[in-house]
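Let's take a walk through a protein structure together. Have the sequence and the 3D view ready as you read.

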Amino acid sequence: MDPVIIVIALLIFTSVIMALAMGVAWLHFGRQRHVRSWALSYVAATGQWLANAGGAALGSGGLMALTSCLIVVSGSLMLVGVRQRSGKPVPWRALILCGAVVATGGSYVALIGDRSLQGIVVPSYVGLLMLCSAIALWPRNRRFSAPEMAFFSMSLILALFEAGLVASAATDLGRAPGQGMALYRALLGLGLPSIYVGLGVAAVMVVAGDLAHQLRRQMRHDPLTNVLNRRGLDESASRAIAHAHRHQRPLALVVCDLDGFKALNDGHGHIAGDAALCGFAQLLTNAVRRGDIVARLGGDEFGLLLVETDAAAAADVMERVRAEIGCLVVPNAPEAALRASFGVAELLASDQSLEDMVARADTALYDAKKEGKNRVAIWRAAA
């Protein structure tokens, strides 16, 4: 069997599998834009390899021209997906304009049968697209995840491979036709299948990694307020308490809730109540530093862990929050005046878990309620 047929069959099969995998991921796991773009990229790639197979078998310049167009579409959609995933704007006008120029040039050289130029025009553009994809994938303010590193590496490898194809095709220019293209075809047959499959596997790993991260986040975060839930607080607190004990640094826990929240819910409905909770959570998040922890414990009760902070300093922070909460405007209940009470407890040498601190902070919160609400209370050991 002709090795070219085997290679193209493998590429077609890989493209179909990838298109199906990305399509299923898009349909059933959040319909994210970048997954849809990657699915469409592999749909275009499937058409590309089918047209390539037909063009090679029939000697059709028209099918080879179609191949050039679909390669540009597939590579462009891959870059679009990477930029969408990274939260970066997609330069649609530049992509469409450059893609149209390259597709037109690739189609022309395919129709006139100039294999050397055909091996230069489109591969050079695809290599540039993959280089741009690798750059756009680079994360800000964090490290690469393992799937991202795999995708980044494969994108760079494909970009370098395309550069090698361009260089080998360029050796045919100005010489007897076909001399340089032998190296081009050898590189294409030996290198492209493994690199193409590797890039597809890396893309699947990225989508799976994103899904796993999303599920972990959903397990640790409150869906209404977007702060940590009790499970997330417990996990974070175990590390914070261990660090504070190990380095003998202060750590403060604040337990707080909205005064009269039940009356707000009963009088104005759950939509107003949810808005009040979201506003309160945002106020707490804005009041603390990066590295501090904000969590919703349940209902209208929240917990905050303030690292490198003693009880007095934590109380000062909560006093500012207490003063600011009255300025919150609740949709559907603009006349509602929000108030909150706060209980503060500091980490003791004998504390082994978050529950030890919660018990004391709850006691302080109860004292704040008993003394008239809308105040901050610090737990004090009994004399």
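This is a predicted model: local features need pLDDT of at least 70, side-chain atom pairs count only at pLDDT 80 or more; totals for chains, interfaces and linings use all residues.

Start with two helices. Two packed helices are described by the angle between their axes and the distance between those axes. Find helix 3 (residues 61-85) and helix 5 (residues 115-137): their axes come within 8 Å and cross at roughly 10 degrees. Angles under 35 degrees count as roughly parallel, so helix 3 and helix 5 are roughly parallel to each other.

Five strands form an open sheet with mixed pairing, in the order 2-3-1-4-5. Strand 2 (293-298) and strand 5 (376-378) stand at the edges; each has a single partner strand, so one side of each lacks a neighbour in the sheet. From one strand to the next, the twist averages 20 degrees. Strand 2 and strand 3 run antiparallel and are joined by five bridges; Arg296, for example, has Phe302 in strand 3 as its bridge partner. Helix 10 (residues 270-287) packs on this sheet, touching strand 1, strand 2, strand 3 and strand 4.

Let's finish with Val307, found in strand 3 (residues 301-307). Is Val307 buried or partly exposed? With 24% relative accessibility, Val307 counts as partly exposed.

Definitions and conventions: Residues are numbered from 1 along each chain as its sequence is written. Side-chain values use heavy atoms; hydrogens and water are left out. Helices (H or I, at least four residues) and strands (E, at least two) are DSSP runs, numbered from the N terminus. Buried means under 20% relative accessible area, exposed over 50%, partly exposed in between (1.4 Å probe, protein chains only). Axes are lines fitted to C-alpha atoms, for helices over the stretch in contact, and angles run from 0 to 180 degrees between N-to-C directions. Angles under 35 degrees count as roughly parallel, over 145 as roughly antiparallel, 65 to 115 as roughly perpendicular and the rest as oblique. Two strands pair if DSSP finds at least two bridges between them. Contact means heavy atoms within 4.5 Å.
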